[in-house]
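User: Could you take a close look at one residue in this model for me? I would like to know where it sits and what surrounds it.

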Amino acid sequence: MSIRSVLTRDLNESIRTCLGRAVKISMKCMVRMETKQDKFENRVLAFSACRLFIMTAKVPSRIDHHFHYLDIQAIESKQTTEFCLVVNDKRYTFIPADDRHNEIDAMIINLGVSIKNIFPSVPLSHIVRKLDVVPARRVQKLHEVARLVEAREPVPCGGFSTQYACMCDYHNLPYREEVAWDVDTIYLSHDSRELSLQDFDHLDPKDLVPIISALEYNTWFTKLRISHLRLSHEAAERLLHVLKKSVSLEEVYLDNTGLKADLAGKLSMALLANTSSLLTVLDVSHNAVEDKGASHLTGPVGRASKGLKRLGFAHCNLTAKGVNQLCHALSLNRTMSTTLTALDLSGNNMKEEVTNLYNFLAQPNAVTSLNVSGCDLLLDSIFGALLRGCTTHLARLDVSKNVFNTKKSKDIPPSFKQFFTSTIALKYLNCSSCRMPLEALKNLLLGLACNESTVDVELDLSANSLGPPGAHVLESCIHGVKCIASLDISENGLEQDLAGVVTAVSRNKSVRILKMGRNMANTKSKHVHHVVDAVVQMIQEEDCMLEVLYINDSRLKADLYSLLNALGSNNCLQTLDISGNLMGDTGARLLSKALQINCRLRQISLDRNGVSLQGLSDIAYGLQSNHTLKYIPAPLYDLAPCMKLSPDRTEAVWRRLQDLLHRNMAPQMRHSGQAFRLQQGLLLSSAQQMLDRLIGQIREQVRTLREKTPPDDERAELPLSRAEAVCEDAQRCKQLMARFHTVVMEREASGNPVELKLSQVAEQLHSVIAQHIEATVDRMLEAAEAECPHVLLSAVQQAIRSASAERVRLALPADQVRSALQQRAGSELAERVNELHVAVAAQVSDRVVDEVIESLTRSYQELTGDAGRKRACTPDVLKSHPRPPDGAEAGGADSSHSKEDVGSERSDPSPPKLEYLNLATPQLHAKKLNLQGRKMRPKSVVDSVEGVSAERIPDLLPSLDATEEEVDTVAELPASAYQLRHLGKARPRRAKSRAPTRPVVGEEGADVDTGLDVFFPPARSLPSSPLTSPDSESRSVTAWSPCRRWWRSPPRLLVCDRWQSGCGA
């Protein structure tokens, strides 16, 4: 009689009722279990997916014993009639209920297969420590079945979901479906081998226990990250158990998990107990490990057979003692010198000497990243070790928040400069907050300047309190350091000396990122504009390579406006940070104007600027005409008050702004018409006036000469004709940019070769894709035919090929490929081509205008006979003043010399010349400067004094007489001081409404001017000025009396009176 026939229907139903319908039973067997010595009783063994139930063999049945498969320590069967299990050091012995001994082998195989189904990639011997079956051929079938399980199709993430369910049953905790779904879907889609418990920190702390336990025999995940998460006691114990058993974990991150010294000791024991450990990364940063815990962890660090790649002990409350012990273990492990690439010891207290750290760094090693920031190290000592062992591979070095031993220049070791001269892999250097002495700064910069091996270095010198002396060092050295790509000099108190540093940086064409914020907190307002002007000059240079500029938290206020005005025509900056400058709504309006014509900016940060809702609306309005700006970080500080006042309108404005930025993110084809028109306006505005005046002078001269020249004089007619031809060319050159734009448009209309080539490539690409899909389908069919040769007939294969071709035609038509290529790749290329068109056109037009001006100058000199005259050296600004009368030039050799020059000028029969005709080269330079000025938007009416722009105030001076002759010499200065005149002197004063509080000195009716002639010598009366009102003379004594403290009044605009004949007397 079969054993299964003993299990009656009633007994089976009773077992199912007892276990529940959810428990799936793979096998039930009637056996006899030894309950006492030599005493056996009938029992039913029910094998589920991960647990063995021992049931009573009578109705109603009940659970006598049950245990998890992971609790099985040994499986023994030394006889065919005996089956023994050792569970938690307790022995269970079973014998068959009848003479059919093959049921024992079936139970052993079922048990082994159930374990392999849960952990398919781990050997059975790794889970069950002892498998003793005699003879060995009895388990041969078990091994064969196990190999079949291993060869099956891999399950998602190494079967993590099944293993997680098994561990939930093992710990008697509820099974969370969301955990299995996240791992099988999200982690699998990203092919992630790193399990982060932050994805499940919303669960109850006890629910993390089975998640950690599932990694014990999982070979898919090689990284475990438990960051910023406090582990419970049970979770910590399971973590130690996993590290003791795991054969696949290579990287373990335990930063900020509340790890203490005692738990560090247990962690060390767990790592040492795992002889199959593959650990290469250990990070216990931000835990109170202290020296005691570090001494425990020196064991696994020193005994790592394959070495470690990264080791993190940042902010672990270590002292020099703990660091020395840790680095001593690194030195003892011979593999560390070739495997360790990243060492992080930042945030520890190393005030004492860390000799072992220096010894490890001094020997040849493979460290590429070293972080010792905030360790109170003496930088004088560490660079000697770095020079000996870290010049080959070290790429990232962070020594911030450490100090030098002394500020004396003679005590800076030579190794400090030699390291920067000899390093060949350095890419990032952080020396912020080091209170760096000036000599150390100089050695650093000179060392990098002498280094010809490294490039694209990111240098951080922020918060070093360099001050004006440091600014002078930077100004003299930074332009020669060609290996720097990013420079951070923020928060250094450079103040007004920052202008010279910016000028020096502009000469260094390798710097692409400049961070210079928080440097002008205590700068006087009269010096701020010099810094901003230097920045504007830097970004407007034609060969400027700067792409990222941070000028944040500088509180520039109205001084920022000139930078905003210069952004419109800027062609270099892609990222700009102007946050924390309090530019207000006026700055937002100017930024809006700049964005309307800027074609280069990609990102701009503008928070903490006091911008109201109106300012945000202006920026959104400017973005309507801008198609290149793609990202503006949310200005939370400025949005918060707006949300309080008008939440609906604020939301609408911000949504509109985000919609415009999202529009700019989409690829689109843009024409170059705006750029051409902008460049044409800049060039014409800068050269138009000069060209018109030159042409007018030449034509007037030609007309004069024609009247004096006989009609039949061909020799005299030749230069006149040549001059007229040059004037015609000069008139036509004004429309060069428009003509160039027409040429570009005609080229595009006739067939842009770039677009034509992209169309051809799109057609070829569509054919390649179709052929690729067809070849892939053929390979798939070959693989399917190899797996199912009896099912996949030729007719079926042909139908599959036809269906695949139709799917390709519908899913990826040729028009879609063409549009995708032209709109995405083509739009990017077209934008670059348009930029090149505009740049080349501007270059050609600028050169042609220069040649036209040269030709006009030569023609005028040829007509007037001044081609061979000596060029004057007098500055143009001095030529603009009227010539003093003859009486003012009496006496002295200088006066006679001046008269001689004036006489030479008067002896010239030619008509008076303009000052810009004296030399060709200076006038071209003037045109260049004028062009740079045109690229800046003029100051707005909101940035002026009483409605008059500051740039227009010189026009208030009385104009010169058009008939007055200009003198090409420096006028002799008068003996008396040059008097200044108040423009607001004649301003009506408010009538006093209160009586004076000071007592009146003197008798009533006494003349207040008595004694002034004696005390103050009588001064020469000032000439009258057309800028003063008629009644201003009545208040002249009051306005200019020394008794009146006029210098304490608010500053007003002062202008110089014209030279009068009495000034030289």
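This is a predicted model: local features need pLDDT of at least 70, side-chain atom pairs count only at pLDDT 80 or more; totals for chains, interfaces and linings use all residues.

The residue in question is methionine 583, so what does methionine 583 touch, and is methionine 583 buried or exposed?

Analyst: Some background on the chain comes before the residue itself. The protein chain has 35 helices and 25 strands, and buried residues account for 44% of its 1065 residues. Of the contacts between residues at least 6 apart in sequence, 80% join residues at least 24 apart. The chain exposes about 56,600 Å², with carbon and sulfur atoms supplying 53% of that area.

Now to methionine 583. You will find methionine 583 in the loop that runs between β22 (575-577) and α21 (584-597). Methionine 583 is buried, because its relative accessibility is 1% and the cut-off for buried is under 20%.

As for its surroundings, leaving out residues up to four places away in sequence, methionine 583 touches Lys557, Leu560, Tyr561, Leu564, Ile578, Ala588, Leu591, Leu606, Asn609 and Val611. Two of these partners, Ala588 and Leu591, have numbers that fall within the range of α21 (584-597).

Terms used: Residues are numbered from 1 along each chain as its sequence is written. Side-chain values use heavy atoms; hydrogens and water are left out. Helices (H or I, at least four residues) and strands (E, at least two) are DSSP runs, numbered from the N terminus. Buried means under 20% relative accessible area, exposed over 50%, partly exposed in between (1.4 Å probe, protein chains only). Contact means heavy atoms within 4.5 Å. Accessible areas come from the Shrake-Rupley method with a 1.4 Å probe; for residues, only the protein chains shown count as cover.
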